[in-house]
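Let's take a walk through this protein model, one stop at a time. Keep the structure open beside you as you read.

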Amino acid sequence: MTMDGAVVVPGTTVGAQWVDDVLLAGPAGDVCFSLPAVVDRGMLRRLVRDRQAELAQSGLRAGGAAALRLPPSIAFVTHLLAVWRSGGQAILLDHRLTDYEVRRAIERLVPQVVVSPQRPVASGLRTFVDIDTDVASYSGHPAGTSHAVVQLSSGSTGPSKVIGRTAEDLVEEVLRYTQIDGVPEPGERIILLPSMVHVLGLVGGLLYGLHAGVELVPPARLTGDAILHAIAGGSKPATVLGVPFHIGLLASVENPPSLPQFKRMTTGGELVPASVSSAFEEKYGVPLGNMYGMTEVGVIGTDLFGAHRPQILPAPGLEVRAVDGELQIRRPESPYLGLTDPARWSDGWLHTKDAGVVDPATGLVSIRGRLDSQVSVGGLKVDLTEVEYTLGTLRGVESAVVVYDNAITAYVQLNQPREIPSLEAELAQQLAPYKRPRTLRLLTQLPRTTTGKLVRDLTVLRKAVP
């Protein structure tokens, strides 16, 4: 059913009504958000209409673009849906970006309007905020492309790329989620931890939740206790959606209560080491599922039951292959705006820059880390992902990043006191000499991107060393 009450015929193609047909259809009383105040589908429709009128008054037209520099909030959700319902392009800018970064993005993408918070957003651990917005007219130019959404990549390995996705592509991914065994079902809840500005929170959380009739519950704060409180706050089955960083938050809770509503946790961003997944499952008694994806594509593969760890099964409808050790995804066009580099997309295939193999018998995909994580030491090949994984199995190691900086260098974050010689001695029992880090640096906190991914950029890592 559309916002105006019209019946949607199954198999409807993407068009001007895609927001109504795919995201906002359904009974008005269905709960969309628990904040903890309830936002039902009828209220959400009214708010989207109001935002749409405001954007039109500020100059947004069909075919135009609006830059949203908003934190996770109802304001973000309603402005996003209003832009799309107006036939516009939404440029998503993380509210934590600096003014300089935002200015560069706006100058390049030239939106018709820019939506920002009226006042600075207080820093802290809140996952969802209540804000008033300021809508400023910026230009009269139409959008440079027909993409429905423009995002910046996470920037975990270098400068962010500008990525565009069409409405058809977004709808395809939302429907792809409905075919994945183990995703939250209608009438259940998603405890939403990742930012909706980025692909996991945007499609895997917000868009899928709205389409499937799954209640979205952002916890009051980004702490382990608050996440558990959000799970306990309702009787419906709950799936926690997050990234590996959030596993650490839950693991930090001592003696968690019994939570029969806790169905599973699903993580994206990075594959979770087996030792971490085992410890989590032992503590909470629920499956820890892995999800592999990219901003350029969305979800690529999953293992939501932990049955294939560390392998994943390609998402329905996606074709994945390995060429010269690199994973590639079939895509009809390049997702990059203004980028024609054939090393990233060519002949209908997106080059992930991730190393991996595809099992010809089962179709299961094994991810071996970034291609640039394979280096030569004295003529011998070393996979830095293996070194990083092994470091992560050592007692007291919270997380680790291993890079090649004229030699193998490890940056390690601990969760209990350890001395470097002790770590090196333990590592010597598990890795051949040529694989071991020449330098091991202890950091109080490893740098992370706004999406929670560990940063592997050498410049950033060097600056983080005390």
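Start at P310, a residue placed in the loop between β14 (298–303) and β15 (313–314). The labels come from DSSP runs numbered from the N terminus: helices are H or I runs of at least four residues, and strands are E runs of at least two. Before we go on, some ground rules: this is a predicted model, where local features need pLDDT of at least 70, side-chain atom pairs count only at pLDDT 80 or more, and totals for chains, interfaces and linings use all residues. Residues are numbered from 1 along each chain as its sequence is written, and side-chain values use heavy atoms, with hydrogens and water left out.

P36 sits in the loop between β1 (31–34) and β2 (38–40). Most peptide bonds are trans, and most residues other than glycine have a negative phi.

D324 isn't a glycine, yet its phi is positive, at about 50°. You'll find D324 in the loop between β16 (320–323) and β17 (326–330). Is D324 buried or exposed? With a relative accessible area of 80%, D324 is exposed. (Using a 1.4 Å probe and protein chains only, buried means under 20% relative accessible area, exposed means over 50%, and partly exposed is in between.)

K353 is another non-glycine residue with a positive phi, near 65°. K353 belongs to strand β19 (residues 349–358), and its relative accessible area of 24% makes it partly exposed. D354 is in strand β19 as well, but at 8% relative accessibility D354 counts as buried. What does the side chain of D354 make a polar contact with? Its partner is the side chain of Y292, at 2.6 Å. (A polar contact is a pair of N or O atoms within 3.5 Å; within protein, one must be able to donate a hydrogen and the other to accept it, and residues adjacent in sequence count only if both atoms are side-chain atoms.) Leaving aside neighbours within four places in sequence, D354 is in contact (heavy atoms within 4.5 Å) with residues including G325, E326 and R370.

Now for the helices. D40 caps the N-terminal end of α2, with a side-chain oxygen 3.2 Å from the backbone nitrogen of G42. Helix α2 (residues 41–57) has 17 residues, so at 1.5 Å a residue it should span 24 Å, and its end C-alpha atoms, 25 Å apart, agree with that. (The expected span is 1.5 Å times one less than the number of residues.) Among the buried residues of α2 are L44, V48 and L55. Just after α2, G59 takes a positive phi of about 110°.

Finally, look at how helix α3 (residues 74–85) and helix α6 (residues 199–212) pack: the angle is about 75° and the axes are 13 Å apart. Axes here are lines fitted to C-alpha atoms, for helices over the stretch in contact, and angles run from 0 to 180 degrees between N-to-C directions. The two helices are therefore roughly perpendicular, a label for angles of 65 to 115 degrees. V77, L80, L81 and W84 in α3 meet L202, L206, L207 and L210 in α6. By class, this contact has 8 nonpolar, no polar and no charged residues. (Ala, Val, Leu, Ile, Met, Phe, Trp, Tyr, Cys and Pro count as nonpolar, Asp, Glu, Lys and Arg as charged, and the others, Gly among them, as polar.)

Note on methods
Parallel < 35°, antiparallel > 145°, perpendicular 65-115°, else oblique.
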